[in-house]
Amino acid sequence: MSEGVLRLGLVGSPNSGKTTLFNALTGLRAKVGNYPGVTVERREGEARIEGRRVVMVDLPGTYSLTPVSRDEEVVTRLLSGQLAGVPPPHALVAVADACSIERSLLLVAQVLGLGLPCCLVLTMIDELTARGGALDIARLERALGIPVVGVIGHRGVGIDQLRRVLSRAETWGRPPILPPADPEERAGWAQSVLSHVLHTRPGRSRVTDAIDRVILHPVAGTLIFAAVMLTFFQLIFAWAQPAMEGLDHAVAFTRGWLHGVMPAGVVVDFLVDGVLAGVGAVIVFLPQIVLLFSLLYLLDDLGYMARAAFVIDRVMGAIGLEGRSFVSLLSSYACAVPGIMATRTIPSPRDRLVTILVSPLMTCSARLPVYALLIGAFVPSRRIFGPLGLQGLALLGLYLLGSLSALAVAAVLKKSLFRGQGLPFYMELPPYRVPTLRLLMTQVWASARAFLRRAGTIILGVSLVLWGLLHFPHAQAPPASTPREAARFALEQSIAGRIGHAIEPAIAPLGFDWKIGVGLVASLAAREVIVSTLGQIYAASDQDDTASLRQAIRRDVHPGTQDLVFTPATVASLLVFFVFALQCTSTLAVMRRETNSLRWPAFAFGYLLALGYGASYVTHQVVTALWS
């Protein structure tokens, strides 16, 4: 404080509105990283409050300062100044849901016991009033001896008053008598405080109770979950298709235009076949990525995802895991990296490691461009029943295959390598809320920007390297060759072509040719890179700049036999391979960091590669037999 920079730590339980408050105060200007030496996410944001520089530290959500998970342990160590390399906050902002103030006061008592200057922020005061509850904030402030402010974070109500309070942290009072340390005595202290402040407990929401009786029902809840997922995947194809076709045409037009206005040579080949064909082939799927995250964030903000975790907890219990594992696996639908990082909240080391090892089986957003390319090119856009289409059902089937495989593998691991008794699962169900459009758009834009950044770094980098491998060394085609034959000959004699031909015998039983083999090798960096790789390969071998990648793979034939390269068996085999194989360097890196070992990433890569190869081989044989 003496240097003029005030560090404030936000402490609260999950779903207390802490992150919404953090965003409102910092304007979403947050730096995200890990605590030094600890793989737990660290979020800090700066704000100017009353002309003063304030650093807000959004601590991991915790129910208690008596830790049972890695997240909660970090909170305790940081607040006590025991986390090396991270200065403790000068003052604390305890965040509590006004509707569950009875439970929140138990954590507030522990926070007050630390002896740091503290204020209390009560969130969701509008919901407290709507449900017939009441709380005298002025009396609560006098009872605790610290400032208390009521806010509605997502609407900005009370934020200006809170800013004024935060700017005067040095003047915050201290409790005249610190709360007792013993848990039973803390509970008595909390009840005495509430009786003094004229607290009226909020009534239960009839609407929420009525919805939960159906949503949380063992049978009806499971059926609703299936229906939600079915609609989810159908909309991803149905709503995104027009925008995808528009981007596809724009990329094809740009490629043709560049060839028309620039002189032929290495530069135009680099721009058209390297940059546009590589990155453009992936950018085309941005509408589906945006829609995927829009639906995921909407369901989460509405409060449905927490209830889905409660419903699926019954299934998780049957295989020896619990609902916290499902929450982590659910996060892996967006990306396995945050899904694996979310396992820090799982208190059981065995359950945490099993969840890490099966997280790559959950269908992440990086697989979506691969699935969308193959399904869009080879699965007819035909209605099956009402609005349900064959493409949406195919996508749902792939997601189900990955999810069910994750549960099956987890069951095997829990009964073999990781035997042990699990811990009880508890989760506070958030109330149903309709998120603001600004919040939803902010969340979606952050994810879309991450996808574009990935396309502009990893995919672009791989595309540039691959362009060189596809174009060098220059090989002179036989004199009588047509332009198409000359392009194919040069491609096969390139470094990438030779690599593809070298591994072709190993992947031929799966129905893959050398071009797909090059794509599989390149996709070890990131799954979606296979799309950009195929885009470059077909751009280099196909003289039609206006053709989309879907059109190119549909009409590709083997030069000797004139048989289609992408047969139904090959398409099905490739889709199944991507369900299982761990083709993501980032996932392996975060596995290494989270487990502090090379053993488990190597184990995950090996067993998933074996599963992918075996399942792909069986799929190819079965589809070939059925199709012939």
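Author: A residue counts as buried under 20% relative accessible area and as exposed over 50%, and the range in between is called partly exposed. This is a predicted model, and we can begin with Met 262, which is found in the loop between helix H9 (220-261) and helix H10 (266-283). Met 262 has 25% relative accessibility, and therefore counts as partly exposed. Leaving aside residues up to four places away in sequence, Met 262 touches Val 267, Val 268 and Leu 271. Ala 496 stands 234 residues from Met 262 along the chain, and the C-alpha atoms of the two are separated by 26 Å.

Arg 307, in helix H12 (residues 304-318), counts as buried because its relative accessibility is 2%. The side chain of Arg 307 makes a polar contact of 2.9 Å with the side chain of Tyr 432, and the residues that Arg 307 touches, not counting those up to four places away in sequence, also include Thr 208, Asp 212, Leu 429 and Pro 430.

Burial can also be followed along a whole helix, as in H25 (residues 585-595), where the buried residues are Thr 587, Val 590, Met 591, Glu 594 and Thr 595. Viewed down the axis of H25, these buried residues fall within an arc of 120°, so they line one face of the helix. An α-helix has 3.6 residues a turn, so residues three or four places apart point the same way. The cover over the buried residues of H25 includes helix H2 (70-79), helix H14 (336-341), helix H15 (349-358) and helix H26 (599-627), while Asn 596, which follows H25, has a positive phi near 55°.

Conventions:
Residues numbered from 1 in each chain as written. Predicted model: local features only at pLDDT ≥ 70, side-chain atom pairs only at ≥ 80, totals over all residues. Heavy atoms only, no water. Buried < 20%, exposed > 50% of the residue type's maximum accessible area, 1.4 Å probe, protein only. Helix = DSSP H or I, 4+ residues; strand = E, 2+ residues; numbered from the N terminus. Arc of directions from axis to C-beta. Contact = heavy atoms within 4.5 Å. Polar contact = N/O pair within 3.5 Å; in protein donor to acceptor, adjacent residues only side chain to side chain.
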